[in-house]
Amino acid sequence: MAASLQLRGAASGLWYWSHRPRWVAASLAAVCSRSMASKTPVGFIGLGNMGNPMAKNLMKHGYPLVIYDVFPDACKEFQEAGEQVVSSPADVAEKADRIITMLPTSINTVEVYSGANGILKKVKKGSLLIDSSTIDPAVSKELSKEVEKMGAVFMDAPVSGGVGAARSGNLTFMVGGVEDEFAAAQELLGCMGANVVYCGAVGTGQAAKICNNMLLAISMIGTAEAMNLGIRLGLDPKLLAKILNMSSGRCWSSDTYNPVPGVMDGVPSANNYEGGFGATLMAKDLGLAQDSATSTKSPVLLGSLAHQIYRMMCAKGYSKKDFSAVFQFLREEETF
Ligand code: NAD
């Protein structure tokens, strides 16, 4: 690491304090003033399915917002509620020294940070930049280096829990970054989540998220296959789900988010697979798992297969459906 953070983390001795460059001292002063100013405006970029309810929970906790979304309609209700809407990520950085980003992909996140009107163009020294998007851990590490060069702090904090948990403020945040900054991040993330877990250096939050979603995809496909087979063998789907959920096959996909229509209320399978966590986003996360498996030489046989299944689903018209629609997809494939 090149900049002030490494020095802050590593150099606790007197030598460091008496020899630190002037710009590092200025950056430290900025960090101190930022973390003490608890209800100063918070920047929020990306007000989509997840970002919208997350930002609203910050508002409920009394934080004024400075917001930006490339899709202006996404900002409307915040503007009507009296929050400040600006016209670029750079403008957010000019007005807020704590910023949360919640964007679809690595490409969008790089654009928001490093683009022509990106955060880095106007970021203040000592600012805390928290990225809650699910992106490639290698991209998080690169962004962190760029942010450090500007004397600011970057943390990756992807979430698990979906839109329902975002609304109720029950998300789980998996946080990677300098440990000394965790408390400052927790102050904001705790307004939007029930669990805020420190994972280690930058990128480890993304690593935890990617592993979780790879397992989720595999277990969802497994649940869909088992339910489909049981139905074909003449079992009532509700009875089969009940038996699975009192047996060793039980998992979140079977007992909380069952993919078979009619088995549970209040889940996407009860609503034509609308809402929830899109198959496209799952395919994206499985692609990130593939990239990470390649770079770490890790065997992920079922993860690879799950990736292919979700990519095929998206290509065959399921891209806007919830990822539990894999049950429907498999049933259609039976005709071959
Ligand atoms: P979304 O597509 O609903 O929202 C993303 C928002 O970002 C949109 O409003 C879009 O206009 C905005 N955006 C895109 N590019 C932008 C740019 N360059 N500048 C400014 N704004 C831009 O996505 P989402 O469902 O809210 O997911 C966001 C992230 O959270 C993704 O990385 C996803 O994988 C992750 N996630 C989603 C869920 C879920 O259930 N939806 C659950 C956990 C994690």
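## A buried strand residue

A residue is buried if 20 or more other C-beta atoms lie within 10 Å of its own, with C-beta atoms placed from the backbone. The model discussed here is predicted. Met 174 has 27 C-beta neighbours inside 10 Å and therefore counts as buried. Met 174 belongs to strand E8, which spans residues 171-176.

Leaving aside residues up to four places away in sequence, Met 174 touches Ala 157, Pro 158, Val 197, Cys 199, Gly 205, Ala 208 and Lys 209. Gln 206 lies 32 residues from Met 174 along the chain, and the C-alpha atoms of these two residues are separated by 7.3 Å.

## Overall composition

The secondary structure consists of 17 helices and nine strands. The protein has 336 residues, of which 46% are buried. Of the contacts between residues at least 6 apart in sequence, 66% join residues at least 24 apart.

## Helix packing

Two packed helices are described by the angle between their axes and the distance between the axes. For helix H12 (residues 204-232) and helix H16 (residues 301-318), the axes come within 9 Å and cross at roughly 70°. H12 is therefore roughly perpendicular to H16, since angles of 65 to 115 degrees are classed that way.

On the H12 side of this contact are Met 214, Ala 217, Ile 218 and Ile 221, which meet Leu 302, Gly 303, Ala 306, Ile 309 and Tyr 310 of H16. By class, the residues of the contact of H12 with H16 are eight nonpolar, one polar and no charged.

## One face of helix H11

Helix H11 covers residues 182-189, and its residues Ala 184, Ala 185, Leu 188 and Leu 189 are buried. Viewed down the axis of H11, the buried residues fall within an arc of 130°, so they line one face of the helix.

## The ligand shell

The ligand is surrounded by 25 residues, the closest being Gly 46, Gly 48, Asn 49, Met 50 and Phe 71. Two elements give two or more residues to this shell: helix H7 (106-114) and helix H10 (162-168). H7 provides the largest share, three residues.

Sorted by class, the shell around the ligand contains 15 nonpolar, eight polar and two charged residues.

How values were computed: Residues are numbered from 1 along each chain as its sequence is written. This is a predicted model: local features need pLDDT of at least 70, side-chain atom pairs count only at pLDDT 80 or more; totals for chains, interfaces and linings use all residues. A residue is near a molecule or strand if its C-beta atom, placed from the backbone, lies within 6 Å of it. Helices (H or I, at least four residues) and strands (E, at least two) are DSSP runs, numbered from the N terminus. Ala, Val, Leu, Ile, Met, Phe, Trp, Tyr, Cys and Pro count as nonpolar, Asp, Glu, Lys and Arg as charged, and the others, Gly among them, as polar. Axes are lines fitted to C-alpha atoms, for helices over the stretch in contact, and angles run from 0 to 180 degrees between N-to-C directions. Angles under 35 degrees count as roughly parallel, over 145 as roughly antiparallel, 65 to 115 as roughly perpendicular and the rest as oblique. Two residues are in contact if their C-beta atoms, placed from the backbone, lie within 7 Å. A residue is buried if 20 or more other C-beta atoms lie within 10 Å of its own, exposed if 12 or fewer, and partly exposed in between; C-beta atoms are placed from the backbone. The arc is that of the directions from the helix axis to the C-beta atoms.
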